[in-house]
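Okay, everyone, thanks for coming. Have the sequence and the model up on your screens, and I'll walk you through a few spots.

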Amino acid sequence: MNDRFRLFLLSFLMLFLEIALIRWTGSNVIYLSYFSNFVLMGSFLGIGVGFLRADKRDLFPLAPLLLLLLVVFIEVFPVEINREGADLIYFGALPTTGLPIWVTLPVIFLAVAATMTAVAQGVARTFQRLEPLDAYRFDILGSIAGVVFYVLISWIGTPPAVWGSVVVVCFAILLRPPIRSLAWVPLIAIVAAFTVESLAPDTYWSPYYKISVDYFEGQGEGVIGVFVNGILHQTIETTAAREQTEPIYFVGYERLKDNPLDDVLVVGAGNGTDVAIALDKGAKHVDAVEIDPRLQEVGRDLHPDRPYQDPRVDVHIDDGRAFLERTDKSYDLIEFALPDSLTLISGQSSLRLESYLFTLEAMKTAREHLKPGGAFTMYNFYREAWLIDRLAGTLYEAYGHAPCLDNSIRNVVLATLTITKDPTEMECPVEWKPSPPPPAAATDDWPFLYLINRNIPFIYLAAIGMILLVSLILVRTVGGRFSDMAPYRDLFFMGAAFLLLETKSVVRFALLFGTTWFVNAIVFVGVLLAVLLAIEVARRRPNPDPRVLYALLIGSLFAAWAIPEHLILELAFLPRIAAAIVVTFTPIFLANLVFAQRFKDVAASTVAFGANLIGAMVGGVMEYSALLIGYRALLIIVAVLYGLAYFYGQLHVRGRGSPTGALVEGSSGS
């Protein structure tokens with residue numbers, strides 16, 4: 001097989017498998033979705049170690065077996081983890097099942113790292129047979145293909161059996177034929193395990209969740225439970241039955257004064273229950289916004305009131321905040337109907353799907369879309385009183401007066417907050433009054449609604465500590481000597497900086513265009529295309545002065561920091577796209593041009609690339625600092641890291657000018 005094609009296919013497999021593991025593990029280990037960068041960091045660690053041990057014993061033939069062991073562990077010990085606490089809220093609390101968290105998470109992290117080490121070593125052994133930039137080029141081309149293909153099969157709703165089959169076909173091609181008979185055993189077992197899961201009755205796979213439906217005992221005849229990733233997320237029942245069991249769902253309508261309900265907006269429409277309630281209350285037109293296409297389809301097919309078949313309803317599969325920013329319509333009632341998710345927007349940030357829906361800026365945007373006499377209402381099972389106070393305080397800040405509060409305290413707090421521009425335009429038996437002062441509002445820069453204040457919760461600190469400790473041990477014992485990476489300290493810092501820069505790009509586009517999986521995919525493909533463009537420029541242009549490149553890079557980072565997102569958000573859609581592309585991808589292109597110019601002359605491409613990937617893993621850990629400082633300030637950390645890369649790069653250049661310096665880098669490939 002041609003080395004270039006082999007590297008392309010290996011890189012395709014590596015990135016496809018990484019994305020699939022992030023998605024699949026989160027669907028079977030409850031709350032791992034909230035630690036999806038935990039799996040990403042395991043992948044980066046494994047890939048980095050795989051590159052560092054390129055010249056050691058070939059582990060690639062073991063990759064299918066290692067992957068099978070990971071799959072079997074998760075299938076045998078699926079986990080529902082209750083990690084509810086005073087400072088950080090996880091929705092969908094259920095009794096803990098499976099192994100303890102302190103066993104499960106380290107095992108998954110190590111299993112992911114081991115699997116990706118074996119795969120990455122196969123990449124690295126081919127990588128080193130090509131010129132550095134040529135190898136990097138085909139690595140990126142394969143990565144782009146892996147992302148695009150996964151996006152396509154996610155879009156059509158394929159189950160894990162398809163993902164596993166893609167991985168197995170790649171292994172079958174890459175494990176040089178003839179494959180030993182025993183090598184087929186793990187390949188067949190992987191497909192079998194995923195197929196059994198995929199054939200489970202009444203189970204659907206959306207771009208975000210594993211969705212299953214079943215009649216939910218104890219909630220009345222005909223009630224259907226909708227489970228996502230194993231957690232009861234929604235129930236489907238008639239409007240009449242819902243009014244008997246959960247009357248607080250109807251409170252927002254009771255607070256209105258003589259409102260005609262010509263236009264109603266339901267954000268978080270889900271299976272259609274809230275849409276059915278709006279129609280029952282006389283709404284003449286309903287815009288139903290739901291981010292998950294499969295959840296909407298389940299409601300379309302199963303809801304007894306058939307709200308999605310009503311001609312008065314228009315369905316929008318979109319992010320709620322993005323819909324509000326784009327629409328020019330005004331509404332008599334805007335309802336945020338339990339739009340809480342059970343997953344993050346990607347594998348490398350701490351944002352949930354609904355994070356930008358509950359910021360102060362979002363509440364002000366919703367206010368702008370109310371007609372005279374119109375009302376805004378939101379309700380949920382908020383779990384903690386401080387969360388109700390935060391949201392009520394956010395509404396107070398957005399509207400200038402306190403909202404109306406209706407709540408029902410059981411084992412959790414179910415509450416409704418309703419507000420109008422003019423407080424005299426609604427009936428309000430109980431007005432919200434803070435005691436003590438509420439937590440500060442979430443903002444577009446610090447969109448962490450479920451974190452009581454700016455801190456890094458202990459569960460995250462423990463995970464970070466474990467990741468760093470395991471990484472040090474694995475890099476030293478499996479990857480090789482730290483001294484081998486010493487000539488590439490600048491590439492290490494480039495890796496850390498770039499991961500943070502990529503994370504900021506994902507977050508920026510999520511705010512500007514929505515937290516949908518499609519926007520996410522567009523950003524990842526855009527990043528890889530910017531990397532590819534930088535490679536092509538570096539291959540064709542003479543060596544520029546690194547000082548000029550770094551100056552341009554730091555300047556672009558400063559511009560990205562200095563231009564607030566809200567200024568871009570205020571632009572019309574097409575100018576917003578243009579501004580977002582320029583602000584986001586200019587520093588990404590320049591950062592990769594710096595990397596490519598440095599990388600093309602390295603003495604040991606796999607060691608250099610491994611150091612860069614280990615740096616990226618550290619950058620992923622540093623992303624948690626956004627919980628303290630917000631996302632905009634991450635750009636300052638990025639600039640500091642690139643400053644360190646420049647410093648060590650200059651040391652490297654000066655070292656190469658001496659005989660000893662030349663020997664230092666030359667020895668790193670041995």
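**Starting at a tryptophan**

W446 counts as buried, at 3% relative accessibility. By buried I mean under 20% relative accessible area, with exposed being over 50% and partly exposed in between, using a 1.4 Å probe and protein chains only. Before I go on, the housekeeping: this is a predicted model, where local features need pLDDT of at least 70, side-chain atom pairs count only at pLDDT 80 or more, and totals for chains, interfaces and linings use all residues. Residues are numbered from 1 along each chain as its sequence is written, and side-chain values use heavy atoms, with hydrogens and water left out.

Back to the tryptophan. W446 is found in the loop between β11 and α15. Those labels are DSSP runs numbered from the N terminus: helices are H or I with at least four residues, strands are E with at least two. Who does W446 touch? Leaving aside neighbours within four places in sequence, W446 is in contact with R390, L451, N453, R454, A626, L627, L628 and G630; contact here means heavy atoms within 4.5 Å. Also, the C-alpha atoms of W446 and Y356 are separated by 9.4 Å, and these two residues are 90 residues apart along the chain.

Now zoom out for a second. The protein comes to 24 helices and 11 strands. Of its 670 residues, 61% are buried. And if you take contacts with a separation of 6 or more, 79% of them are between residues 24 or more positions apart.

**Rings**

On to the aromatics. A pair of aromatic rings is described by the distance of the centres and the angle of the planes. The rule is that rings of Phe, Tyr and Trp (its six-membered ring) pair if their centres lie within 6.5 Å; planes under 30 degrees apart are stacked, over 60 are edge-to-face, and the rest are tilted. By this rule we get 34 aromatic pairs. Take F127 and F609: that pair is stacked, at 5.1 Å centre to centre with 20 degrees between the planes. F127 lies in helix α4 (residues 101-127) and F609 in helix α21 (residues 605-622), so the pair ties together parts that are 482 residues apart in sequence. Both F127 and F609 are buried.

Then there's F448 with Y631, a tilted pair at 5.6 Å centre to centre and 45 degrees between the planes. Again this links distant parts of the chain, 183 residues apart: F448 sits in the loop between β11 (413-420) and α15 (458-479), and Y631 in the loop between α22 (626-629) and α23 (634-656). F448 is buried at a relative accessible area of 6%, and Y631 is buried at 1%.

If you like clusters, ring pairs link F12, F16, F149, Y150, W163 and W205 into one.

**Strands**

Last stop, the strands. There's an open sheet of 4 strands in the order β1-β2-β3-β4, with antiparallel pairing; two strands pair if DSSP finds at least two bridges between them. Its edge strands are β1 (203-205) and β4 (231-236), each pairing on one side only.

Look at β3 (residues 224-228). Is it enclosed or open? Well, 5 of the 5 residues of β3 are buried, so it is largely enclosed by the rest of the structure. In a regular strand the side chains alternate between the two faces of the sheet. Here both faces are covered, with I224, V226 and V228 buried on one side and G225 and F227 buried on the other. On the pairing, strand β2 (residues 210-215) is joined to β3 by 5 bridges, running antiparallel, and D214 stands opposite G225. β3 and β4 also pair in the antiparallel sense over 5 bridges. There, G225 has T235 in β4 as its bridge partner, while V228 has I231. The hairpin of β3 and β4 has 2 residues between the strands, and N229 takes a positive phi near 50 degrees.

For a parallel example, go to strand β6 (residues 286-290) and strand β7 (residues 313-317), which pair over 5 bridges. A288 stands opposite V315 in β7.
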